[in-house]
Amino acid sequence: MAYDKLTGDTHLIEASVIEILRLIEKSPASAEAIAQELAEFFSADDHDKIPELISATLLKLRDIGLVTDTPD
């Protein structure tokens with residue numbers, strides 16, 4: 001769970017999202033790089049969907065202010 005002191009919003013954060021945040025806390029990373037790191041957490045059937053799921057998750061995290069875009 002994450003609490004935003006500025007807005008008073010509380011966000012429920014899934015385990016996979018916590019792993020994404022841990023990875024990008026160490027160093028900024030692209031959705032593709034994150035997908036490669038987290039591939040072991042997904043079933044083999046879902047591997048082709050991982051980059052799309054990561055990108056969607058990063059957009060949601062950006063929208064609630066937990067991550068920002070970085071220049072390439």
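The structure holds three salt bridges, a salt bridge being a side-chain nitrogen of Lys or Arg within 4 Å of a carboxyl oxygen of Asp or Glu. The model is predicted, so that local features need pLDDT of at least 70 and side-chain atom pairs count only at pLDDT 80 or more, whereas totals for chains, interfaces and linings use all residues. Residues are numbered from 1 along each chain as its sequence is written, and side-chain values use heavy atoms, with hydrogens and water left out.

One of the salt bridges links Glu-19 to Arg-22, with the closest N and O atoms 3.0 Å apart. Both residues lie in helix H1 (residues 15–26), where, being three residues apart, they are separated by about one helical turn; helices (H or I, at least four residues) are DSSP runs numbered from the N terminus. An α-helix has 3.6 residues a turn, so residues three or four places apart point the same way. Glu-19 is partly exposed at 23% relative accessibility, and Arg-22 is likewise partly exposed, with a relative accessible area of 48%; here buried means under 20% relative accessible area, exposed over 50%, and partly exposed in between (1.4 Å probe, protein chains only).

Arg-62 forms a salt bridge with Asp-63 at an N to O distance of 3.6 Å, and another with Asp-69 at 3.3 Å.

Helix H3 comprises 14 residues (residues 50–63) and should span 20 Å at 1.5 Å a residue, in agreement with the 20 Å between its end C-alpha atoms; the expected span is 1.5 Å times one less than the number of residues. The buried residues of H3 are Ile-50, Ile-54, Leu-58 and Leu-61. Seen down the axis of H3, these buried residues fall within an arc of 70°, and they therefore line one face of the helix, the arc being that of the directions from the helix axis to the C-beta atoms. The buried residues of H3 pack against H1 and helix H2 (31–38), contact being defined as heavy atoms within 4.5 Å. On the other side of H3, Glu-52, Lys-60 and Asp-63 are exposed. Just after H3, Gly-65 takes a positive phi of about 85°.

Definitions and conventions. Helices (H or I, at least four residues) and strands (E, at least two) are DSSP runs, numbered from the N terminus.
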